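The sequence and the structure are shown first.

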Amino acid sequence: MNAHPTLGLVDAIAARLTDPETMPHGSRTLCSDRQHLAYGPPGIALLHIEQAANGLGPWHRAHDWLAAASRQPLTSGPDSHPFYGVPALAHALTCAADHLPGSYQRALDASDGQIAVDAGRRLDAAHRRIDAGRLPHLAEFDAIRGLTGYGAYLLRRNPGSSTTRAVLDYCVRLTEPITHHGETLPGWWTETGPSGSPDDRFPGGHANTGMAHGIGGVLALLAIAARNGSVTDGHHAALHSILTWLDRWKEEADGGPAWPYWVTHGELRSGRLSPSAPRRPSWCYGTAGLARAQQFAALALGDTGRQIDAENALVAALTDPEQLKATTDNGLCHGFAGLAHIAARTADDAHPSTAEKLRAAIPALLTAVIPPGIDPELMATALIQEEESGPGLLDGAAGIALALLAPSTAAPPRSPWDACLLIA
């Protein structure tokens, strides 16, 4: 057992998730969520892939979880998305294949072909929608269910492909204003609430800024692509359009700059955000994910001032007692482990003037995950058995373990497991 309590927790979680056969019978993980990256075996496989890539566990554990995900035919077509079905398993297989050359090649070739077809269908539908002057659904473009998520996979697997280029072209087009009922709106404006369903609390819809479901994810994808040399027509203009929107709605508060989770129709018309209490700075929504996306964009554009501003915004969010008080769990998506991971990933690319400030914020975040005196073994058991979050990646134990590794060891991940979150 490692002496560091967070690494002890990582080991304890991995040890309790060694074998899918020992999961409780009827567990959501192996039933309704079998194909889900966020909650099921593909996400748990990522933990064992990262452990094996670091020489901390055997590869057969990862293989067992990948096999558990694929025991039944995988979903493709309209019912699949980046976090469910063929694309979800393909992400995990790719992470393993990076370290096991030649492994899973047949499965990946078949997956890549299917993903290209499915992304192509979605792109056709999206362009028809734009041509008709209709507003998008969040699931058309977001990182979890939409084309941004497909782009994250394609950019890593086949950055030079025509499908990858087509997704980037679409993202550029999404940033262009759209006229709806005589009103000019940002191209990612949706008529629903943040859940993707009609919502009386959002009359006239909203513009979502988040990484998981909003324009933050699109910004990150375009910026990562540009940094990797995959640039399409209008690419930099699209980056500037999103950054200008975020600049427009940035709030300066006592705890530092912060961005809203979304902008409502009423706020758009008045030009002012409604007053709100400090919100948690998470990956899915808020300052942590958006600061990383803006850092990527600044690096892609060579804008050192904007880069430092983004990094300082993250430092402020991670050290503001009010924002941290609003953070109430340990998960990857919107908890303390996720904040620690984003801090570590952002510090790796940070300007010298901010890198150490980011790293200095990490110990307190790790302590928030596992305070002194807490038994890692008991905590691991409790996390896995937690009914709401359970053992999975996005909210659960596997994600907490993965998110703790980089900030606890000061070494970046060996596998690209977090590429699906657009923070790497």
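The largest pocket in this predicted model is lined by 28 residues, and those that lie nearest its centre are Glu251, Ser276, Ala277, Pro278 and Arg279. Two or more lining residues are given by each of strand E4 (251-253), strand E5 (256-258), strand E6 (262-264) and helix H14 (321-325), and among these elements E4 gives the most, with three residues.

The second largest pocket has a lining of 19 residues, of which Ser27, Thr29, Ile384, Gly390 and Pro391 lie nearest its centre. Helix H17 (residues 376-385) provides the largest share of this lining, namely three residues.

| Pocket | Volume | Nonpolar lining residues | Polar lining residues | Charged lining residues |
|---|---|---|---|---|
| Second largest pocket | about 360 Å³ | five nonpolar | eight polar | six charged |

Turning to the helix packing, the axes of helix H15 (residues 336-348) and helix H18 (residues 397-409) come within 8 Å of each other and cross at roughly 35°, and the crossing in which H15 passes H18 is left-handed. On the H15 side the contact is made by Ala337, Gly338, Ala340, His341 and Ala344, while H18 contributes Ile400, Leu402, Ala403, Leu404, Ala406 and Pro407. By class, the residues of the contact between H15 and H18 comprise nine nonpolar and two polar residues, with no charged residue among them.

Key: Residues numbered from 1 in each chain as written. Predicted model: local features only at pLDDT ≥ 70, side-chain atom pairs only at ≥ 80, totals over all residues. Heavy atoms only, no water. 1 Å grid on protein atoms, 1.4 Å probe; cavity = no way out; pocket = protein on both sides within 12 Å on 5 of 7 lines; lining within 4 Å. Helix = DSSP H or I, 4+ residues; strand = E, 2+ residues; numbered from the N terminus. Points joined across faces, edges and corners; volume = space filled by probe spheres on them. Nonpolar A, V, L, I, M, F, W, Y, C, P; charged D, E, K, R; others polar. Axes fitted to C-alpha atoms, helices over the stretch in contact; angles between N-to-C directions. Left-handed = near helix turned anticlockwise from the far one by under 90°. Contact = heavy atoms within 4.5 Å.
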